[in-house]
Amino acid sequence: QQQQQQQQQQQQQQQQHGESERTRDGYFPAQDKGNMQDQLGALGILWKYELRVGRESPLADRWRSILECVAVPTNHVDKLFDLVVVHALHRVGDTKRLEQQLSSMADSLRGVVDEADRKLMTEVWLGYARGVAVSTKSRSEAAALIKPALTHINIVGGSSEQREVLHEYYKSL
């Protein structure tokens, strides 16, 4: 009877918080698909995993499931997130959303007043994104677009560990 009461309490807690899955300690959701930072982290981990293990990894189907939870960024505040989303869209073959994302990124650069900043962002941020987008068609073209971006890749933000996947991707071309 005590075990039944505990199970009922746990079910009530889950219903109150709208969470169907919980971690072992019962306090934090096991899957919070609404947290964009978690989704960015998941996409980054998948990208890194595939770079090390290969694209034919057993987790390849995860790209699409994570992308279903991600609103493709249009405000372009987090440049690293934009690049990770571009790769994810490319990875699942969603060319329509990929082209929309690249176009939106290019349009956002029109608002950069300082010409030197706009040029740098075009070369680094947009150049890297365009390189990813063409990598299936031409690895050499992708490398030519990405290589100049690597010198100043820190401007996209994120930690050095997060940006390392961008370097690893270039080396894989």
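From the N terminus on, the elements run α-α-α-α-α-α-α-α. The model is a predicted one, and the chain averages a pLDDT of 85, with 83% of the residues scoring at least 70. Of the 173 residues, 36% count as buried. Among contacts between residues at least 6 apart in sequence, 56% join residues at least 24 apart.

**First stop: residues 17-28.** Colour the chain by pLDDT and select this stretch. Over residues 17-28 the pLDDT stays under 50, and the model has 15 contacts beyond four places in sequence for them. This part should be read with that confidence in mind.

In soluble globular proteins, nonpolar side chains tend to be buried together. Select Leu 43, Trp 47, Leu 83, Tyr 128, Val 156 and Leu 166: of the 37 residues in the largest nonpolar core, these touch the most other members. At least two residues of this core are supplied by each of α2 (36-53), α3 (62-67), α4 (79-92), α5 (95-109), α6 (115-134), α7 (139-150) and α8 (160-172). The largest share, 9 residues, comes from α4.

Now centre the view on Leu 83. Setting aside residues up to four places away in sequence, Leu 83 touches Trp 47, Met 105, Trp 125, Tyr 128, Ala 129, Val 156 and Leu 166.

Side chains of opposite charge can pair when their charged atoms come close. The whole structure holds 5 salt bridges. Select Arg 91 and Glu 50, whose side chains meet in one of them at 2.8 Å, N to O. This pair links distant parts of the chain, as Arg 91 lies in helix α4 and Glu 50 in helix α2, 41 residues apart. Are Arg 91 and Glu 50 buried or exposed? Both residues are buried.

Then select Arg 110 and Asp 107, joined by a salt bridge of 2.8 Å, N to O. Arg 110 counts as exposed because its relative accessibility is 65%, whereas Asp 107, at 38%, is partly exposed.

**Last stop: the surface.** Display the accessible surface, which comes to about 10800 Å², 46% of it belonging to carbon and sulfur atoms. Select Tyr 49, Val 53 and Leu 59, which make a nonpolar surface patch of about 230 Å². Tyr 49 has its place in helix α2, and its relative accessibility of 30% is why it counts as partly exposed.

Definitions and conventions: Residues numbered from 1 in each chain as written. Predicted model: local features only at pLDDT ≥ 70, side-chain atom pairs only at ≥ 80, totals over all residues. Heavy atoms only, no water. Core = buried A, V, L, I, M, F, W, Y, C linked by side-chain atoms within 4.5 Å. Buried < 20%, exposed > 50% of the residue type's maximum accessible area, 1.4 Å probe, protein only. Helix = DSSP H or I, 4+ residues; strand = E, 2+ residues; numbered from the N terminus. Contact = heavy atoms within 4.5 Å. Patch = residues over 30% accessible without salt bridge, like charges linked within 9 Å, V, L, I, M, F, W, Y side chains within 5 Å. Areas by Shrake-Rupley, 256 points an atom, 1.4 Å probe, with all protein chains shown as cover. Salt bridge = Lys/Arg side-chain N within 4 Å of Asp/Glu carboxyl O. pLDDT = per-residue confidence, 0-100.
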